[in-house]
Amino acid sequence: MTPDKARRLDALASQLSETLMTAAICAQEIRNILRAELDDDDAHADRGRCATGLAPSLTHHKQSPLLDESTLSVIWKGKTLHLGNTLAFRLLVRLARRPNQYVTHTDLLLDVWDDDETSTASIRSMVRELRRKLRGAGMTDLATAIRGHSGRYILDL
């Protein structure tokens, strides 16, 4: 492959990555607007049904972070944080896979660290680091949604 072709392919890959990220942000914004509309309709529900005709239980979707594995970033309420290929990103992906459900420290060690011999202090340290990064990016509510209790962790949305 010639250097010119390599540069052209690199430029195209960069453009594609930017386009995909923009599409992901747009999709998240559409979801936010839709959820707000459904919640508003649910507030005006009559006899267990909302104005859209959906059962109220279907309209109570809490926002979840968008985890873009192509850019290794988290998008939350219009803000983006690039975490890169880090343990912090993998930890957030693992917790977000099943929000509102506790994950044991053993499962986290196997799924995130690929090692069940690592100290549980490593998890606590990484959770602190992830929260710090999220707060620094203006995602304080997402940072506080990461909770730990008796060696188990949850993304409580």
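Two strands are taken to pair if DSSP finds at least two bridges between them. In this predicted model, strand S2 and strand S3 (residues 79-82) meet that condition, pairing in the antiparallel sense over 4 bridges. Within this pairing, Val74 has Leu81 of S3 as its bridge partner. The hairpin of S2 and S3 has 2 residues between the strands, and Lys77 takes a positive phi near 50° there.

On its other pairing, S2 is joined to strand S1 (residues 66-68), again in the antiparallel sense, with 3 bridges. Here Asp68 finds its bridge partner in Ser73 of S2. S1 and S2 also make a hairpin, with 4 residues between them, and in its turn Leu72 has a positive phi of about 55°. The two faces of S2 are both covered: Ser73 and Ile75 are buried on one side, as are Val74 and Trp76 on the other.

The largest nonpolar core holds 30 residues, and Val74 and Leu134 are the ones that touch the most other members. At least two residues of this core are supplied by each of strand S2 (73-76), helix H3 (87-97), helix H4 (105-113), helix H5 (120-136), helix H6 (140-144) and strand S6 (152-155). H3 gives the largest share, with 7 residues.

The surroundings of Val74 can be followed residue by residue. With its neighbours within four places in sequence left aside, Val74 is in contact with Pro65, Leu66, Leu67, Lys79, Thr80, Leu81, Leu83, Leu92, Leu134, Met139 and Leu142. Among these contacts is Leu81, already met as the bridge partner of Val74 in S3.

H3 is mostly covered, with 8 of its 11 residues buried. These are Ala88, Phe89, Leu91, Leu92, Val93, Arg94, Leu95 and Ala96.

Leu12 belongs to helix H1 (residues 3-43). Leu12 counts as partly exposed because its relative accessibility is 35%, and the partly exposed class lies between the cut-offs of under 20% for buried and over 50% for exposed.

Note on methods. Residues are numbered from 1 along each chain as its sequence is written. This is a predicted model: local features need pLDDT of at least 70, side-chain atom pairs count only at pLDDT 80 or more; totals for chains, interfaces and linings use all residues. Side-chain values use heavy atoms; hydrogens and water are left out. Buried means under 20% relative accessible area, exposed over 50%, partly exposed in between (1.4 Å probe, protein chains only). A nonpolar core is a set of buried Ala, Val, Leu, Ile, Met, Phe, Trp, Tyr and Cys residues joined through side-chain atoms within 4.5 Å. Contact means heavy atoms within 4.5 Å.
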